[in-house]
Structure formats: C-alpha cells, structure tokens
Amino acid sequence: MLRGINDRALMHVEERVLYARNRQPGLKPAVVGGNPITEELAIELRVTAFGTSSCPPRGEWIHTPLIMRPSDQPLGYGLAAPRNGTRSLLAGLQAHIIKWLLFDSRPMTKDNKSMEPPDSYLRPNEDRQEEALWRACSEVIWRCGGGFNAQTEVKVVVALPTSTIYVQHSSTYYQDGITEMLHLFEFKSLEDLQIFLKRYLYLFQSEDGSGSLLLLYACILSRGCENVKKDLDGKLTYLVSTQVEGSLNVTTLVLSGRATPYLHNGVQYVGDEDHYAMPQFGVLSRSPVGLLVWYGNDDNITKNISRQYPGSRLKTPALPIWVTSCSGHYGVLFNTNRELLRNYHAERRFDIHYYTCGGCHILLNVDTRAHEDSVTLRNDDISATPLEKLIHTKWQDAKITWSGPVPFAGDSPN
C-alpha cells in the first residue's frame, strides 16, 4: 500500500476548470410567468442562506454554474467547478448525477443484471449529460419539498432570474445581481418540475451564470426558510458556513431534504439533570445516497464544529454512492455494482471510485477479508492517508490499495 502522501496532496488532483459553451445558443426561452420576488422574501432568503442581506454573498455563489466536463473526454459524468464554498452543494448534486447515470437510467434484465457494462454509463454523450443534470436537480429539489416520503401534498419552488430589478439597494438589502431579479415558480408534481428544469437548464449552465446559487435557493425555498432555520437547531444561524468548501448542513439538505446538523439515525433526546431532554432530529429514513465523514486533526477545520458522525442510514444507503467530507474537502465515492451493499460476497473485495468536482479521480481496491499476514489499519494509524481513514469509517479493517494514479505533492488545489 502506498504511503507518505500529505493530507493536502491526497485530496486533490486539480485541473484548471474550462467551462463548456452551450451547444445550442439559439434555444434559450425567455423566463415568463411566475411571481416576482418581494423585498421581504429577498431579505429572508439571503439571511437564511448567508446570514445577512446587508452585504453580498461570497462571489463564488454568483459565478459558479452547473457545468459538466466534456463528453468526449474521461470523467464526462462529472461536474466541473473550482475549489470554493459551493463544493458542499455540488458534491451532493454530483452524487445524484452518478445515481441516475449508473442505476436509474440503466435497463436491467430479469435477474437484475445490467444489459451493458456499467462503466459505459459513465461515458454519457451531451444529451445524456443534460438529462442527468436536470433529473438530478429535480430529485434534489423535490426531496427538499417533502417529496418521495411525504404524507401530505408536496409543493416545491424554483426561482429564476429575469432582467427586471424588483428590490432596490438599501441599508438593509445589498444587491447581488441575482436575488433581486428572481421570479418564483411553484410545482406540485415531479413531472412538471422536470419539464420546467429541462426547459430552463441553460440558466443553470450559463458560463457567466449562477447555477449553484439558483439550486441552493430552490432547495431553501422548497424546504421553507423557517424550516431550514429549525433544522439548524441553533448550531448555525444560517445555512452556508465560512468553511472553504462549504457547510455540511448544505450537504444534508441536498441528501435528505432537511438541513440537519445531526447525522445519527432518527431522533435522540439530549439533556442533563438541570435541563429537559430536547429532541435532536437526525436522518429520519434510509438515504438513497450516503455520506461519510472524517474530520482529521486540523484545528482550523474542526474549530467550532460539533463532530457528528453518520449513522447507518447514511453509511449504508440504498445505493453504493457516498458524498464524502474529508478534512473539509468534498468528493464522491461510488461503486458500479448495485448489489454491493446487499450481497455479503460482493462486499468482500471490490473497487471504488473517488471523484471531486476539481478533476480528481482515484480508483481504489477495498478488501474487507481478514488478512493475518498484514497489519490491520485503523483510523488512528498515522501512516494511513486521509482518504483511507475516511473509507475505514465504513469498512474499519479493510485493506486498501490504489489501483490507479496516485496524487502527489505537486498536484495542489486551486
């Protein structure tokens, strides 16, 4: 097993992000209908997301579109974005893109076998890239509105920018070029939402656009600003933290539809002899996409962060895809075998992919069988790399080997 790779070098093999231009620049329908945003809602939205409306959000939220890598090159299944505070959102979206490409869109035989090699679905053409993107966005937004497991009527909200300014600059509201120009659209069916997002996908993909912010706003509006604040439970006063790659609460909102800071299963009551036990609402149902977290030993990363570790509903999702937060760096781990988490034999030895939106791709082999002739690696093994330590939070005694190119010190983040 390869060793001696420092934390920073391990997590990233970055490349300069080149945003693809729209294939059909003429097909850009104007935004019509909906309701213009009010000053009250614009302020509430900005405060919920960023903590204040009197100064603009960090520029990366205004200038990070949802762009896929070129379809004729490796990693065509991946989003492309520089390292910034949108990564906690984009990693969750990336996991859903992979979910659709690998599992939701694949025709299966009667014995639940794929009709084509799984890796072929990770090489989508441009049409499939676009479909994967609007379907993934639809799933994320629909879940934030209570879809898939709701007992009541579901309603989601998507906000799109127009050319008209509805909220003026003032001492309580600082214009950001997007929020004050939004039109709001409501949907009560997933199919209508998908049709709408497919029609206006160009606004999320535009090279000079704000696709990440539009997706974040749709998640918040669909969940409801007050519900998002309740989800945070006082751990944060707003959703987007000051961490370099963003808040874990954004990731939990994307994965579970709730911006909870608690990663345990179900509800736990916490109190002491001087205080009433108060409920902490964690993950209320098994997630289709999982989450693995390793905090590391960096005080700058862990300062003022309550270390919450995922319960089984996140560690063992319905499909073998996990968003990862490793020392504050976000990525996605995934396996192409649908049966990995359902079949004990499949989980004994398998390959797993690791991908980040910065262009890092690593292939690793995980062997969970007992090895009497090898040293057992645990989370406190100082010679293990951060990514290995994160994988050990799921498969504690696994032997991990690097099957592909290994990052080295020269490959530093942007």
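**Figure 1. Helix α6 on strands β2 and β3 of the predicted model.** Helix α6, formed by residues 190-199, lies across β2 and β3 and runs at about 15° to β2. The structure shown here and in the following views is a predicted model. Helix α8, comprising residues 211-223, also lies across β2 and β3, but its direction is at about 145° to β2. Of the six residues in β3, five are buried, and the strand is thus described as mostly covered.

**Figure 2. The three-stranded open sheet, with strand order β1-β3-β2.** Pairing within this sheet is antiparallel. Strands β1 (35-36) and β2 (156-161) form the edges, each pairing on one side only. Six bridges connect β2 with β3 (residues 182-187) in the antiparallel sense. Within this view, Val156 stands opposite Phe187 of β3, and Leu160 has His183 in β3 as its bridge partner. The antiparallel pairing of β1 with β3 comprises two bridges. On that side, Pro36 has His183 of β3 as its bridge partner.

**Figure 3. Packing of helix α5 against helix α8.** Because angles under 35 degrees count as roughly parallel, α5 is classed as roughly parallel to α8. From α5, the residues Cys137, Val140, Ile141 and Cys144 take part in the contact; they meet Leu215, Ala218, Cys219, Ser222 and Arg223 of α8. By residue class, this contact of α5 with α8 consists of seven nonpolar residues, one polar residue and one charged residue.

**Figure 4. The six-stranded open sheet, with strand order β6-β7-β8-β9-β10-β11.** The pairing in this sheet is mixed. Strands β6 (290-294) and β11 (399-402) each have a single partner strand, so one side of each is left without a neighbour in the sheet. On average, and with direction ignored, neighbouring strands of this sheet are turned by 30° against each other. Strands β6 and β7 (residues 321-326) run parallel and are joined by five bridges. Gly290 has Trp322 in β7 as its bridge partner.

**Figure 5. His329 and its polar contact with Glu245.** His329 belongs to strand β8, which comprises residues 329-334. The relative accessibility of His329 is 11%, and the residue therefore counts as buried, the cut-off being under 20%. The side chain of His329 is joined to that of Glu245 by a polar contact of 3.0 Å.

**Figure 6. Overview of the protein.** The protein contains 13 helices and eleven strands. Of its 414 residues, 54% are buried. Among contacts in the protein with a separation of 6 or more, 68% are between residues 24 or more positions apart.

Key. Residues are numbered from 1 along each chain as its sequence is written. This is a predicted model: local features need pLDDT of at least 70, side-chain atom pairs count only at pLDDT 80 or more; totals for chains, interfaces and linings use all residues. Side-chain values use heavy atoms; hydrogens and water are left out. Two strands pair if DSSP finds at least two bridges between them. Helices (H or I, at least four residues) and strands (E, at least two) are DSSP runs, numbered from the N terminus. Contact means heavy atoms within 4.5 Å. Axes are lines fitted to C-alpha atoms, for helices over the stretch in contact, and angles run from 0 to 180 degrees between N-to-C directions. Angles under 35 degrees count as roughly parallel, over 145 as roughly antiparallel, 65 to 115 as roughly perpendicular and the rest as oblique. Ala, Val, Leu, Ile, Met, Phe, Trp, Tyr, Cys and Pro count as nonpolar, Asp, Glu, Lys and Arg as charged, and the others, Gly among them, as polar. Buried means under 20% relative accessible area, exposed over 50%, partly exposed in between (1.4 Å probe, protein chains only). A polar contact is a pair of N or O atoms within 3.5 Å; within protein, one must be able to donate a hydrogen and the other to accept it, and residues adjacent in sequence count only if both atoms are side-chain atoms.
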